[in-house]
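My notes follow in the order I looked things up.

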Amino acid sequence: MTEHAPVLIIVIPLMAACLNILLGLWKKELSYPWAVLVTAVVFGLSLLLMQTVLSGGTVHYRLGGWAPPWGIEYVIDHLNAFLAVIVSFIGCIVAVYSRRSIEKELPGKQVYFYSIYLLLITGLLGITVTGDVFNIYVFLEISSLAGYALIAVGDDRAPMASFNYVIMGTIGACFYLLGVGYLYMVTGTLNMGDLSRILPGLSHSRVVYTAFAFFMVGTAIKMAFFPLHIWLPAAYTHAPSAVSAIAASTMTKVGAYVMIRIMYTVFKPAFSLEVIPMSAILGWASAAAMIAGSVLALGQKDLKRMFSFMLVAEVGYIVMGVSRGNSTAFTGAVLHILNDAFMMACLFLVAGAVRYRKNARNITDLAGLHQEMPLTMLALFAAALSMVGVPPTAGFFSKWYLILGTIKAGEWIFAAAFLLSSLLNAVMFYRVLETVYYTGEPTPKRQGGSSAAVNEVPLTMLGPILVMAVGVLVLGLFSGRIIDTVIRFTVPEGF
Amino acid sequence: MDTVHSIQPVLVLATSLAAAILIMVTGDRNRNLREAWTLVAALLKFLIVLSMVPAVLDRTILECTLVSIAPGLTLQFRVDSLGLFFALAASFLWLVTSFYSIGYVRSQQEHAQTRYFACFAGAMSATMGVAFAGNLFTTFLFYEIITICTFPLVAHKETADAMAGGRRYLTYLLGTSVAFQLTAIVLTYSFAGTLEYADAGILAGRAPDSVLMVIFVLFIAGISKAAMMPFHSWLPAAMVAPTPVSALLHAVAVVKTGVFVVLRVVLHVFGVDLLGDLGLGTALVYFASFTIITASVIALRQDNLKRRLAYSTVSQLSYVILGAALLTPSSITGGIMHIALHAFGKITLFFAAGAIYVAAHKTEISQLNGIGKQMPFTMAAFTLGSLSMIGMPPLGGFLSKWWIALGAIEAKELLILIVIATSTILNAAYFLPILYAVFFKEPRLGQHGSAGEGIHEAPLLMVVPLMLTALGALALFFAPSVFLDLARGAVSAVMGGQ
């Protein structure tokens, strides 16, 4: 079974999604445990893959035994395995969380929810394991279609938000597909390994330039890279809580992964950074994303909307690191993919908990909530520290590498952008935390007794929140370990 | 110099941290037990700090690496003379303040006492972290933790004023540290390739002069806990906090952390020689002098007692920086000594301000006429404290001023003598009128009410600590032994036994 893990990680959730409908027809209650079980198995498989990669290097798996370029090849190296572990772990945690929150937000639709949820996981994992550019497109669409559906079932304004996302997402996917088409025209292959061997000889070709441009814009839309982010805030604000959490923490990261693959595996750094001045273009755009995302977040009243704009800024962090062209910044970017996945999951899960308990979504509704939900608010506090980048939380370490990387590249102004964005995050979270801890009804504290009754969310929701919060606090301490064992090997050659 | 592995620094941090957790667990249910944790931890911590003294005086460095997170980012403690000096002063004063705190919050029936004591313990744990930190990363980590732990103490009253003060506190401390200090640390790492403190500095010859100057300016601007102008206004704003907080945190732990980190940067990151070569020492001297004089002038105009003390602190903190910036052995000794000497004096003054508030509910200086008769012990201590601030022998404050003045002569900065003299006159100008009013003016009609007759002191738990610290300020003049030895040790380490 071990040797089939690369394909099982896709096949299991795909089949499970279909089986889930049958199971649900028989007994509705089975959907939830089924989804949790499947995501847990997938997480186990991803760990297995990671271990295989760590001990034996890159895994090549030929689907159906067909040799490339005719067959589809799954290639798993350190970067893929890293992403797969993140996606499947968060997928599993959010699945556990979703039970009560979906019960409340989508009563009676659980069966269909979990089917689509599993499809989303299938799509995201598919993108991470495949070594074929067209196959990426297929999985990109699976995950996006699942995403459109999941977002559309949110609150009253969700259908419109989802519709916008469909339009933008489809344009993005088309661009990506056009890129694939152009490359196929000149190379006759879709396999990444083959492409990377053939393309350096074609670096003067206009067709290749065009393909590259389509790829970049397509992935930029998919990962909500500023200024192509406009679909994201509304979509993630109005989606069901669990969906916002999984989408915010993994979908943009997988988009970033595709960008890394295209820039540094399919094309080579020599092409992406030297023939085409991607470093400067992406650098300035990322700086704009960091600042604009943070500034826009400042103006939001809705908690999830504020987090969504922060996510736009965080995407800027990652792209900035990816496009600096040195190993320090790249390390920071990959580390930030992990850290940001945890922070975003934590933030959106907390927002979901608040919505579940208080049916509230505005920042002002958080007033005095630390008495009623002390642990949830502590989790929010932890995530906030990490977003600001206070050591020893995880956010500090990735930011450290990112800033060092920009200095190494001699780009001081980008280093300043990181700091400015951190400061803006501090202002925002101060506003939220002040509301949580220092406003609200004056309780009879002078008597000294415990005031408002503690009324936390159910354990299936609280558990995942705390797992994420502890992750945010503890992951940072293992940054060095993670870099040495995994991230070090993901840095492209030539950096 | 030997380096010995030791877990003592970790134990020091752990005692307060454990106390913070135990305090939270115990909560309001059993107040005596909760307060017992504070006292036990304070005592234990002081004893452990004390137990490190012989080894460090023997020129041994106690080292403990907790975790190496990534290249350059190591959580490491290194107890040297300078760090132990600070730790000793802070942990002793924490012990004293613990008693005072209990007396204060109980007699005031403050709300949220559990949060108060827990945050207090947390802040002290982090302060020890700064004192023992062996590199810039560890320092930065605990520097930020102090800010976060003390915010609930500053905003304790939860009134609009307190929240505004707290907001300013966070804005200045967190804002400058993220914007400037972190940048400086990143730059230091990218040029020096290390963040570990070294006696000769780590930046010499590693970067062009212009970059070094930028780094230095970023450091000085980023350490706003030192309350150098123009980053000082958080300190007066933080005076909305309960008085024990102002006393310990804003005369000892927080602000002294600031100047301590400045000392670290001056002595162990840049190094005396490099700063001298770049002429940055002189620049810092004039910056510090400006703060010394200006803050004293502002202090003259404050009627609120705690605000006057706060501006006095702003001014006195820059003495430490001045001493370090003069870059001579005597002046650095004086600067380091001033950390402890000023702490003893200023904490006495704050304690007295709190005692006056508890016993007579007075906060403004103009209300204090004749209160000396009502609170003789408190005001006697207050007198000692203010004389120490002015720098009058035989009080501790004299010593540090003396050494700094000597250093100014050694460095041929005669203008600085004028600064010191002016500042002394200004100090006298804002303290002596208080003393005069307190002892010799008649209370205005109906000012002290019926309690005007006879002695009416604050609770014993408050009066005894403030007498102790006042006597401490006196005793340090005659026997600055341990502190002086440690300060000399620190200086000889960086100056090569001069």
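This is a predicted model: local features need pLDDT of at least 70, side-chain atom pairs count only at pLDDT 80 or more; totals for chains, interfaces and linings use all residues.

Entry 1, a helix pair. Helix α2 covers residues 31–57 and helix α3 covers residues 81–108 of chain B. I noted that their axes come within 9 Å and cross at roughly 155 degrees. Angles over 145 degrees count as roughly antiparallel, so I wrote down α2(B) as roughly antiparallel to α3(B).

Entry 2, the contact. I looked up which residues make the contact between the two helices. From α2(B) I listed several, among them L39(B), L43(B), F46(B), V49(B) and V53(B). From α3(B) the contact residues include L84(B), L88(B), F92(B), W94(B) and I102(B). E35(B) and K45(B) of α2(B) are also part of the contact. Sorted by class, the contact has 15 nonpolar, 4 polar and 2 charged residues.

Entry 3, the sheet. I then turned to the strands. Three of them form an open sheet in the order β1-β2-β3 (chain B), and the pairing is mixed. Why is one side of β1 and of β3 left without a neighbour in the sheet? Both strands of chain B stand at the edges and each has a single partner strand, so one side of each has no neighbour there. The twist averages 35 degrees from one strand to the next. I also saw that α2(B) packs on this sheet, where it touches β2 and β3 of chain B. The direction of α2(B) makes about 110 degrees with that of β2(B).

Entry 4, strand by strand. Strand β1 (residues 2–5) and strand β2 (residues 60–70) of chain B run parallel and are joined by 4 bridges. In this pair I located V4(B) opposite L62(B), and H5(B) opposite E63(B). Strand β3 (residues 73–79) of chain B runs antiparallel to β2(B), with 7 bridges between them. Here V67(B) stands opposite L75(B). I checked the turn as well: β2(B) and β3(B) form a hairpin with 2 residues between them. In that turn G72(B) has a positive phi of about 90 degrees.

The C-alpha trace of chain B spans about 70 × 55 × 40 Å along its principal axes. For 498 residues, a compact globule would have a radius of gyration near 23 Å, and the 21 Å of chain B agrees with that.

Methods:
Residues are numbered from 1 along each chain as its sequence is written. Chains are lettered from A and ligands numbered from 1 in the order in which they are written. Two strands pair if DSSP finds at least two bridges between them. Axes are lines fitted to C-alpha atoms, for helices over the stretch in contact, and angles run from 0 to 180 degrees between N-to-C directions. Angles under 35 degrees count as roughly parallel, over 145 as roughly antiparallel, 65 to 115 as roughly perpendicular and the rest as oblique. Two residues are in contact if their C-beta atoms, placed from the backbone, lie within 7 Å. Ala, Val, Leu, Ile, Met, Phe, Trp, Tyr, Cys and Pro count as nonpolar, Asp, Glu, Lys and Arg as charged, and the others, Gly among them, as polar. The radius of gyration is taken over C-alpha atoms; the globule rule is 2.2 Å times the number of residues to the power 0.38.
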